[in-house]
Amino acid sequence: MALLDDLPDAVRATLGGVRDGEELVDGTLVSMAGDIGLDGSFGERWLIADRRAVTVATVAKGGVSRDLELPLEQIRAVRVDTLVGSGALLIDTKSGGVVEALRFSAALAPKFGAAARALEAIAKEEAIPETSAADVERKVCPKCGDPLPDDTNVCIKCVDKRAVLLRLLGYAMPFRTQCILIAVLMLAGTAVSVIPPIFQQKLTDEVLVPHKHFDWIGGIVFGLILVSILSRALTIWRGRLAAWISNRMVYVLRTQAYNRLQELSLGYYDKRQTGSLLARVTQDVNELQNFMVDGIQFFLVNSLTIVGILVIMFRYNWLLTLLVLIPVPITVYLVQATWKRLRGRLVRLYHLRSNLSASLTSVLSGVRVVKAFAQEEREKDQFEDRSAKLRDATSYYDMGVATYFPMIEFVTTLGVYVIWLVGGREVFSNFSNKPSEGMTLGVLGMFLSYTAMLLGPLQGMTRIADWMSRSTASAERVFEVIDAEPDIKSVENAVRMPRIEGHVELRSVRFSYDKNQPVLDGVSIDVKAGEMIGLVGHSGAGKSTIINLLSRFYDVKEGAILIDGVDIRNIDLGDLRRQIGVVLQEPYLFPGSIADNIKYARPDAAPEEIMQAAKAANAHEFIMRFPDGYDTFVGERGARLSGGERQRISIARAILHDPRILILDEATASVDTQTEKKIQDAIARLVAGRTTFAIAHRLSTLRNANRLMVIERGKLAELGTHDELLAKPDGTFRKLVDLQREVNQINEL
Amino acid sequence: MSSNIETPGAEAAEERNPFAIRFLEPSQVQLFHSAPGDAAIRLTIEGELSWLSVRIARAFPFSDPAHYIGLRDEEDEDIGIIRDLKELDAESRALAQTALDRRYFTPKVTKVKSVSEKSGSATFDVETDRGPARFVVRSLRDNSFSLGYHRMMLVDSEGGRYEFPDITAYGNKAYFVLSKVM
């Protein structure tokens with residue numbers, strides 16, 4: 001059972017013993033470990049309950065001590081006091097006192113919430129409410145034991161131990177054949193590209209120096225041109241093929257990331273900035289694209305070239321080759337050391353850049369507020385400040401690059417001097433200039449050519465490290481999105497419900513957006529199909545949360561929501577969403593025509609249906625008055641339309657969507673009285689025959705509701721018809737109505 | 001629409017502008033427990049009224065924790081604000097301080113024993129003023145809050161809060177991880 005943690009022996013020992021002829025431990029109903037000690041520091045304390053009493057035991061260095069024992073008959077109520085970053089289990093006693101049993105960190109809040117309800121039930125000799133382990137237990141990674149957040153089963157530390165790069169290459173698997181072709185082209189291309197210096201050597205040693213075979217010159221030059229043409233042709237073929245493949249790989253990656261963003265629940269978005277998500281789908285994917293189009297090829301071609309050149313050089317003069325290679329390990333070391341320094345600057349740069357774009361997004365979206373409060377100067381200053389930070393970070397990074405790399409380059413070119421020094425002396429003492437008798441002028445020239453050919457790839461390989469680290473960082477961020485598990489999804493064997501009747505039941509629904517703040521605290525209601533329920537309460541009372549849960553944007557933490565008797569979590573998500581329609585206070589219109597917006601949920605709707613829906617929504621009249629009729633383009637957030645017009649378009653959208661369950665979230669809040677009347681009429685037509693949940697601040701607009709739910713601090717305070725609730729002289733609803741009447745009178749004056 | 005307690009002093013209260021913050025006169029405020037061991041905090045405003053159970057909360061828990069302490073009734077409605085805890089009498093002050101320590105569980109990190117980071121999430125193994133702790137912060141950038149120069153708070157994946165009073169004090173690795181999300 002979820003309420004019983006394994007008692008450590010030491011704790012069990014202190015509980016042992018017999019009281020009133022009964023052994024305490026045998027009757028244990030609740031045993032739970034808390035993680036905050038008596039002094040307010042982390043520490044182990046146990047909450048234990050049997051049929052007689054609630055006991056708290058503290059585990060300390062000196063041993064276990066029992067520091068609270070409260071007989072059950074003294075308990076009146078048990079509750080959790082939600083604190084900041086922690087919580088406390090409080091017991092109200094029948095003598096009017098309050099006893100704090102123990103405290104616990106935020107992570108254990110769900111667990112002790114269940115404990116509180118269980119203890120109260122035990123004290124009242126009621127049945128202990130059901131709690132499943134999944135509701136109260138901390139989610140931990142089965143591999144490393146680190147806690148997992150609610151919204152995912154993926155442990156970042158343990159997920160996919162393969163190197164990110166390998167995983168990235170996995171995207172090339174569908175293009176195996178093309179990849180093999182590329183590899184062949186690369187090999188051939190490299191082989192061809194290392195030929196010219198050999199020709200040069202022949203020309204020097206067998207034609208120019210001995211003054212023989214004059215007629216070879218033309219042939220050798222022609223050969224050089226041919227090789228050059230062949231080499232270019234191979235490069236072009238390879239480049240085109242690589243561009244084709246890599247762009248397809250990136251396309252898959254980008255689509256996967258975007259599709260996952262669409263699947264992820266609102267809970268994922270609550271905790272993240274739009275700007276940083278945007279950067280992942282655009283910037284990071286671009287970064288990967290660059291790497292996959294150019295980086296990987298660059299890396300392989302360079303490696304092959306280096307190997308090819310070295311093989312030839314070794315064959316001619318192994319000692320000189322080794323001497324030329326002396327600076328290479330030094331270069332590699334220097335490059336690594338440099339990147340260790342630069343990586344930090346680079347990461348900081350990335351964060352500053354995405355910070356800047358996130359702040360840009362938020363300020364531009366809120367530009368009306370900025371202007372209304374005349375804060376342009378401050379926003380300018382703030383942007384300047386951020387921009388300056390980015391400037392400094394970028395120049396710090398760029399200056400590092402500008403400083404270190406010429407130094408590294410110098411070390412890399414040391415080989416050239418070695419060739420002149422050592423090779424030059426050998427050539428000087430080889431009077432016959434025959435390769436069999438030592439170093440020749442031709443071989444010296446060839447070595448110089450090859451060393452020059454090596455420099456490019458070697459220096460390139462030093463940059464590849466940076467390229468690779470940047471790309472792996474990008475890949476990690478993209479994969480983090482792809483790997484995120486949507487917490488709301490259809491279960492396996494989800495119940496298909498092609499037509500929902502609309503019978504909705506909330507059973508002691510509890511919910512919180514984060515663990516510290518319960519938003520709904522045990523709300524129950526049974527709504528008949530076709531009934532209209534008005535939701536009333538102060539802002540922050542939990543009305544919108546109920547709506548979010550009905551739409552299954554979030555899942556209940558405890559309790560259940562049933563539609564036609566089926567738990568909402570077991571209903572096929574597609575079926576559910578298809579039959580729930582929402583009209584929001586500030587409807588969002590996508591860029592496109594009015595018709596596009598009306599048929600958003602049903603893109604195949606016929607023009608007549610669109611017009612019928614608009615007519616029913618009292619929108620047809622004003623739409624036809626626009627010069628472009630239904631083809632009128634509505635820009636970002638539909639700025640060209642008034643609030644009432646946008647509202648009616650969104651009602652038309654809902655009518656066309658034809659939902660079984662309708663949600664009206666402050667649908668008439670932001671319009672004038674005359675428009676409100678039109679919207680009211682439209683809504684009345686929309687509501688007919690559907691189960692409707694309506695939030696409205698103007699309480700008069702809820703007169704048509706069959707019943708009203710008054711929500712107060714996450715609890716259902718009152719439930720009844722408009723008139724019933726109004727008849728309660730001390731009722732919350734009555735007070736709200738009176739208050740609103742007063743406000744209206746003031747407004748009328 | 002608070003559920004006000006009817007008291008003889010209510011007339012005086014009515015004269016106050018209900019839309020203005022009430023700053024409590026420290027000499028009139030008395031905080032105490034009705035009985036030893038009782039968790040509820042009682043508040044008496046001298047010559048006015050008494051609450052059986054009040055909550056104590058900071059108005060600026062990060063930027064000014066020592067000032068502007070709010071007293072709230074059982075319904076979590078505002079009673080008034082104490083400008084400075086120091087002005088209270090010794091017993092009330094001690095009680096308020098204990099209540100604040102209890103309410104805000106934000107261990108201050110004193111030492112970072114190890115930190116590892118992957119894909120923007122970090123695992124910390126730390127010593128804090130409230131004992132050793134190990135926690136995971138997912139999506140570091142979205143769960144870090146700058147509280148001032150070099151000072152920041154992290155919220156772990158389970159809602160636990162950890163304060164780093166000076167991010168330069170924990171060595172290079174930790175500074176590297178923390179500074180880039182600052």
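The model is predicted.

## Chain A at a glance

Chain A has 749 residues, and 35% of them count as buried. The chain holds 23 helices and 21 strands. Take the contacts in chain A between residues with a separation of 6 or more: 69% of them link residues 24 or more positions apart.

## Helix 7 of chain A and its two partners

Helix 7 of chain A covers residues 216–263. Helix 6 of chain A, residues 196–208, comes within 10 Å of helix 7, axis to axis. The two axes cross at roughly 170°. Helix 6 and helix 7 of chain A are therefore roughly antiparallel to each other.

Which residues of helix 6 of chain A meet helix 7 of chain A? They are A:P196, A:F199, A:K202, A:L203 and A:V207. On the helix 7 side stand A:W216, A:I217, A:I220, A:G223, A:L224 and A:V227. Sorted by class, this contact has nine nonpolar residues, one polar and one charged.

Helix 5 of chain A is the other partner described here. It spans residues 176–193, and its axis comes within 9 Å of the axis of helix 7 of chain A. The crossing is at roughly 155°. Helix 5 and helix 7 of chain A are therefore also roughly antiparallel to each other. Their crossing is left-handed.

The residues of helix 5 of chain A in this contact include A:Q178, A:L181, A:L185 and A:V192. Among those they meet in helix 7 of chain A are A:V227, A:L230, A:W237 and A:I245. By class, the contact of helix 5 with helix 7 has 14 nonpolar, five polar and one charged residues. A:V227 is listed in the contact with helix 6 of chain A, and A:V227 is also listed in the contact with helix 5 of chain A.

## A hairpin in chain A

Strand 5 of chain A (residues 53–60) and strand 6 of chain A (residues 63–71) run antiparallel. Eight bridges join them. A hairpin links strand 5 to strand 6 of chain A through two residues. Within the pair, A:V56 stands opposite A:L68 of strand 6.

## Strands of chain B

Chain B has an open sheet of three strands in the order 1-2-3, paired antiparallel. Strand 1 (29–32) and strand 3 (49–51) of chain B stand at the edges with a single partner strand each, so one side of each has no neighbour in the sheet. Neighbouring strands of this sheet are turned by 15° against each other on average, direction ignored.

Another open sheet of chain B has three strands in the order 10-11-12, again with antiparallel pairing. Its edge strands are strand 10 (144–148) and strand 12 (161–164) of chain B, each pairing on one side only. Here the twist averages 20° from one strand to the next.

Strands of a sheet pair through backbone hydrogen bonds, either parallel or antiparallel.

|---|---|---|

## Where the chains meet

How many residues does each chain bring to the contact? Chain B gives 35 residues and chain A gives 38 residues. On the chain B side, helix 2 (90–103), strand 8 (121–128) and strand 9 (131–137) each supply at least two residues. Which of the elements of chain B gives the most? Strand 9 of chain B does, with four residues. By class, the side of chain B that touches chain A has eleven nonpolar, twelve polar and twelve charged residues.

Methods
Residues are numbered from 1 along each chain as its sequence is written. Chains are lettered from A and ligands numbered from 1 in the order in which they are written. This is a predicted model: local features need pLDDT of at least 70, side-chain atom pairs count only at pLDDT 80 or more; totals for chains, interfaces and linings use all residues. Two strands pair if DSSP finds at least two bridges between them. Axes are lines fitted to C-alpha atoms, for helices over the stretch in contact, and angles run from 0 to 180 degrees between N-to-C directions. Angles under 35 degrees count as roughly parallel, over 145 as roughly antiparallel, 65 to 115 as roughly perpendicular and the rest as oblique. Two residues are in contact if their C-beta atoms, placed from the backbone, lie within 7 Å. Ala, Val, Leu, Ile, Met, Phe, Trp, Tyr, Cys and Pro count as nonpolar, Asp, Glu, Lys and Arg as charged, and the others, Gly among them, as polar. A crossing is left-handed if the near helix is turned anticlockwise from the far one by less than a right angle, and right-handed if clockwise. A residue is buried if 20 or more other C-beta atoms lie within 10 Å of its own, exposed if 12 or fewer, and partly exposed in between; C-beta atoms are placed from the backbone.
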